[in-house]
Amino acid sequence: MKIKHLILTIIAFTFLSCENYLDVNEDPNNPTQNTITPDLLLAGGLHDPYNNIFPGSANRLGNAFMNNWGPNVNSFTGGFLDEFQLRITSNFYDIIWDNLYRDLGTFQLILDNEEEIYDNHKAISRIMKSFYFQYLVDLYGDIPYTEALAGGENLTPTYDDETEIYRDLISELDVALSEIENSDSDDLSVGSEDIVYQGDLEMWRKFANTIKLRILLRQSELALTDGETQTYLNQQFNSLEKDFITENVVINPGYSNAEDKQNPYYALYGFDTQGNTTTSRQFLTATDYAVKFLKGIETENGVQTNIPDPRLGRIYEPIQSGDLAGEILGVQQGADNTDTPPELSKLGDGLIISSEQDGYLMMASESYFLQAEAAFRGYIPGDAKMLFQNGIIESYNLLGLTTAQADSYINQSNSVNLIGWDGSQNKIEAIMTQKWIALNGINGLESWIEYTRTGFPEIPLPITATRDSKPNRLLYPTSEFSTNSANVPQQSTEDAFSTRIFWDVN
Amino acid sequence: MKQNVNWIFLFLFALISHVGFAQSQEVTGTVVDNSGLPLPGVNVIEDGTTNGTQTDFDGNFSIEVGQSAVLVFSYLGMKEQKVTVGSQSSIQVTLMNATDQLDEVVITALGIKRKKDEITSAYEVVDNESIVKANNPDVVNSLSGKVTGLTIKQTSNGVTGDTRITLRGSRSITGNNEALIVIDGAISNANFLRTLNPNSIESINVIKGPNGAALYGSQGANGALIVTTKRGKEGENLKITLKSTTDFTNVAYVPERQTRYGQGWDLGQGFASIIYENGGWGPEFDGQIGNVGLPQADGSYIEAPFSSRGADNIKDFFQTGVTQQNSISLTSGSEKGFIFFSAQNENTEFIIDRDKLNRSTFNFKAGRTYDKWEVSGNATYSYVGTEEADSRLYGELNQSATNIPIERFENSGNEGHWNAYFLNPYSIRDNDRSERSNNRFNVLGDVKYTFNENINAIVRSNGIFNFANGLNFNNGYTEPESVVNLTGADRSEASSFQRFNTEFQEYYTDLIVNFDYKLFEDINMTANVGLNNQYLKTNQTSVGGVGLTVPGIYSSENLSGQFDQATTFDTQSTRRRYSAFAGVNFSYKDYLYVNATARNDWSSVFSEENNSYFYPSVGASFLPTKAFEGFGGDILNYLKVTGSYVKVGNDGGIDPFDVNQVVNQGLGFPFNGLNSYVAPRSITDPQLEPEFTNQLEFGLNAGFLKDRITLDVAYYNFTTDNLITNIATSTASGLSRSAINIGETSGYGGEVNLGLVPFKTDDLVWNLNFGYAKNYTEVDKVTDQATEVSVGGFAGAAEIFAIEGEQFPMLKTINFLRDNQGRVILDSNGTPEQTSGPEISGNTTPDYTLNLNTSFSFKNWTLSATMDYRTGHVFYSDTQNNLLWPGHDVATAEGGRGSFIFPNSSIPDGNGGFTANTTVPSGGTTAASYITFWNNMRGITENSVLDATAFQLRELSLRYDVTSELLEKTFITNASISVVGRNILTVLPEENRGYNDPESNFTATGNAQGVSTTGQYPPTRSYGIGLNVSF
């Protein structure tokens, strides 16, 4: 029965002989999240949230709201329509929530690693996770936190109280600080995968202190009316190590002039690898308000400092050709091209530097302005005026201007209301105004959040605004309503204007 | 001709009758055709002997046969029939036309031939004639409108285009809903089917539900197209068929645009004529001759009158395409074997100049019987080469006012384009292109061994090898400073290229043992048990980068920049599956059939604990017309009622390695030797299990008045559970999407087919076949936490959702905010208020589909047509949306340009209510405010949700068969010539001013159907002629 033999042989070969026949499901192309180690995740973890949020949407939103950026109405139609009309919906900049949360997953993966040798990596991850979670609270209030970032383990995290999260961010930063303090030779040292400080844990300690300072100060206005917060802040400031950053905190994995390798800010608002102007660069222009303010001439809301600020020509580019060459001109937010100059200024050389330029996480100027405010409010010792002026100097330096130029400006402006320490009735307003200038085009989001907290600087709304004030917050994104409806608090457009983040008492 | 044949048979009979007879039982009878007319000259032979006779002029015969004889009736052009004589002394035989043969014996799952009576679920067979009658070079597209319940959706038009094949709508939310393709018994794929020579297809049996495909397991859950290719027929001498067709293709329609205002935009002084604007926001046409566009290379301007060149002026961009097909096939067959060879070449020049396709397909098939062995083999090679421009040129083309003399800008480049903000479509055509070449080999072998009359075994093995390579390139563009200074716009693009190789191997092996036993006097049993093995392997490498040093050299060495991370990669994947299955069929006499199947699959894509799954099916059919003598009388000649239940497990939508939770390289990494990974954004539950569909189906097939009227009705309902759904997750989890076992859908539907033969005489035959199909799918559950999930689309603007309690799929857009009377609420500026997020705007699958196939033959002329009608659904047209803001849409010019009272609008009355608006004007007082108004309207994407109703005359053909008298003295046996038209008539609702074909979609396959984009070429229609000669 040869036939039977043949068939049996076929059966055996085809189906039965391969005991491990189905064992072909191990991915030859990528490692898995169970096998990857924190040292191979840190650089990506640090870079993604910066890359995906900071230069683009966060900055764009803040600079639109803070009257720093306008659209080139001479060439484009419909730019910043929602931002200027203040049409806040759950779609409005929902990418900030969506991208930020997704990008923080890598930090969580590092923190969840059970091996003990990665404490240094974990400390860095904890610091940056807190850094970004503060923004999430500042923009949205109650958010998923304790159950967040659990990946497939929990697809519908519940929401935590905003104040509780804020308190926990301080605790997490304390854990990170102790991890750094207790770092020893058992812990794997951090190397080039730390694309912020190249493994210099001392610098991370200072950065963590400064983040704590920012988190605490955010609650300072609330503390004026809320005794419990006041007590909490006093305790925290007491134990806060007063050793803050004095240099800009920057991120740079090795940006270069190659596709996907450029500094993302430069690649977005500057030039592509071939040197061609990007669409965003053609689109974004100076605003009439910011230009006039920095020129020292009368703005639409009647502010006039009479002090020309040399930072103007670094933040915005003088018009390159034509009859208006050399001038710096902006568009009034919400205006059409009827009364707009035929040429408008683009982002300037102080911001658009090169493909290799650093990415900005936190500015030294910001650190000084925070210290100035904390000193002024009596939370920390120090000379508030000097700290304030140091902030201005750092801002000048960052934009490529000299300390001498800064000193000259400080001398001229010192007695001028809003921009000088001595001349300003309201020191907080002066700090916020200088912070607004220092963060123009760099971190508009921080500028808007500080405005929400303090109400300063008082800048006009776009002429097309359909509301009489800026929103106090963003609305929970569409994605939460469609995927986490059982947990996300219900909101309407009105809530963006009528409800506040817990620290906002203005 | 008939006489000649008779003479031959008489001669044969004379030979045969010499043999003499040893037995003695006389049988007499009459043979008629299916309309009851007597058939003279029918060959009547006692099976297994040389004993035979022929019917006389009145169809009568008389023959002496042995005991337990079986008579075989055969007649040219008719289906052979065997009749067991038994104790009958008089036999009445009805022979069916050979073309009806497919209705009688159907090739079903695993290549098993089944009698029509035995089949317990809905199917429809399309024969070769129907496939090729309109010269369609694409087998898949040729099925459009021909099978009730089958949707062939041409999701994009192009040299090859994209097609989505579904049966009975969608069941899975994010999994696979596409029908399975089986070619000659082995699982294949639609891409391979599309490369086959349409002339080599014998028939396609469309199994509409999961029933017949239960034996194919997982992949058959969505129905199946069982394709059978031609083979030589028994008793056929060498026959050669030549076929040549030529078709001409034109744009069917383009979006209609306003013809009142010309090129221009607001420049602070009203609607200004600006000669380099992409907008139609210029002044009213005045006919004055003026310059158009940017200056040409020599500094001159193209001049044209400032008047509309018609609402469809962009049609000038397109040319008449030509498709030529030449094919030859050879067949020969005998009792012992057959041979079939076909070769076809197709050359297509598309409506876009330089876009073309070249296809060559060779198919060789042969088989032979040796004693108890039957061996056959089938080898197919196909080459498809295409060259195409990037279809984004269509979106750029749409940025044109109607005064633009389009074709005069062919050689102007981007520098001299008619607008300064978009690229010249002619430049994109020449500089942003792709080339593909695809070599496919398909080798199929089939060995059957018959142990005895009760048992046989088949081993079938199929290998598909697909080697594709391609090149995408963009020659780049640098905007001259003069243009930047003039307009502030810079359209520069970096040069780039991508070159890739894809290797795809698929092996399929079946081992089946068939049993056929007569259990009792009236009960027969056939059964099969089998094993199946599938193995898929892919390898892909791709290299690409930005910045070409020397223009036109597309190689990595010519890169001035680095490799582009997004286009430089290499991946491999492997998928394996094996299965064991069994099926059993019982028949009682010739009128009651019961069948059952069972199958277990083991699939490599699941984790070890979840990789085995089992599913069964049962079915029954009953034929009262055969069971009860005289049932139905003279009116009802055939009745079959069927019922079936099937459960099918499905691993569709899950790819190899998905359950591993892999980490990905961080964006932009590696930087300077530093590589890093990031947490996954999208995962598949490691504990994922297969999803299941359960379907219950009832059917009825009836024939009236000797099949002059036929009625086929099928009703089904289904439920699914454990759907593998790729849900959007709360991003707060750190993930965007996760594939998990959740989600349930249910639904019902059915098909009704009514066949009519209003006329049938010797010279004149008119056939009509009406079809009605309906499918309704509802989402019963999405997840425990969420009541909806996005399936895809433009996020936040026009997106397809699965929503609990709603029909699936459902379109959501940004809608007008309406008061309780349905009036659009306006704000104080007259701007419509909009919903704060996307809201439901309609379902995107038709309520029902009607199709009609008809053919009318008079003597040698045959006129046939295929048409269909779909309604009750909507789609989103991004093309329309993109005409709003530049002022090209007809609506932007209706009633002149200025403020107007928004129709059916209301304003807040201050007390929480609304009053009808008669006072607040919309559009503002300036040109700029009017443009802004339409910009806002564009954001209310409900404006671009259109009724997707469509009537389409898919095919119309007129064929003339050269009369046999003319061919008598030649070596030619058959010749015909035909004139055909495809898609020559489309009727759309008024609101769809030709914006998009409602079938077009932003994704080729996927379940997010109902969103069309601007990058999709307008639909085309074709006219052609065909010549067919056999000898």
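Residues are numbered from 1 along each chain as its sequence is written, and chains are lettered from A in the order in which they are written. In this predicted model, local features need pLDDT of at least 70 and side-chain atom pairs count only at pLDDT 80 or more, while totals for chains, interfaces and linings use all residues; side-chain values use heavy atoms, with hydrogens and water left out.

**View 1. The interface of chain A and chain B.**
Chain A contributes 92 residues to the contact and chain B contributes 100 residues, where contact means heavy atoms within 4.5 Å. About 7400 Å² is buried between the two chains, 56% of it on carbon and sulfur atoms; buried area is the accessible area (1.4 Å probe) that two parts lose on being put together, summed over both. Between the chains, 29 residue pairs are in polar contact, both residues being at pLDDT 80 or more. A polar contact is a pair of N or O atoms within 3.5 Å; within protein, one must be able to donate a hydrogen and the other to accept it, and residues adjacent in sequence count only if both atoms are side-chain atoms. On the side of chain A that touches chain B, the elements giving two or more residues are helix 1 (2-16), helix 2 (42-65), helix 3 (81-85), helix 4 (94-111) and helix 19 (478-483) of chain A. Helices (H or I, at least four residues) and strands (E, at least two) are DSSP runs, numbered from the N terminus.

**View 2. A salt bridge between the chains.**
B:Arg681 and A:Asp48 form a salt bridge, with their closest N and O atoms 2.4 Å apart. The term denotes a side-chain nitrogen of Lys or Arg within 4 Å of a carboxyl oxygen of Asp or Glu.

**View 3. A buried salt bridge within chain A.**
A:Arg218 meets A:Asp138 in a salt bridge (2.7 Å, N to O). The pair links distant parts of the chain, 80 residues apart: A:Arg218 lies in helix 7 (residues 201-218) of chain A and A:Asp138 in helix 5 (residues 119-140) of chain A. A:Arg218 is buried, with a relative accessible area of 0%, and A:Asp138 is buried at 2%. Buried means under 20% relative accessible area, exposed over 50%, and partly exposed in between (1.4 Å probe, protein chains only). Both residues belong to a network of salt bridges that also includes A:Arg214, A:Glu221 and A:Arg377.

**View 4. Two salt bridges within chain B.**
B:Arg954 forms a salt bridge with B:Glu999, the closest N and O atoms lying 2.8 Å apart. B:Arg954 is in strand 54 (residues 950-961) of chain B and B:Glu999 in the loop between strand 55 (974-987) and strand 56 (1011-1012) of chain B, so the pair ties together parts 45 residues apart in sequence. Both B:Arg954 and B:Glu999 are buried. In a further salt bridge, B:Asp961 pairs with B:Arg959 at 3.1 Å between the closest N and O atoms. Here B:Asp961 is partly exposed at 25% relative accessible area, and B:Arg959 is partly exposed at 22%.

**View 5. The surroundings of A:Gly420.**
A:Gly420 is located in the loop between helix 16 (403-413) and helix 17 (427-438) of chain A. A:Gly420 counts as buried because its relative accessibility is 1%. Leaving aside residues up to four places away in sequence, A:Gly420 touches A:Phe388, A:Ser413, A:Asn414 and A:Ala430.
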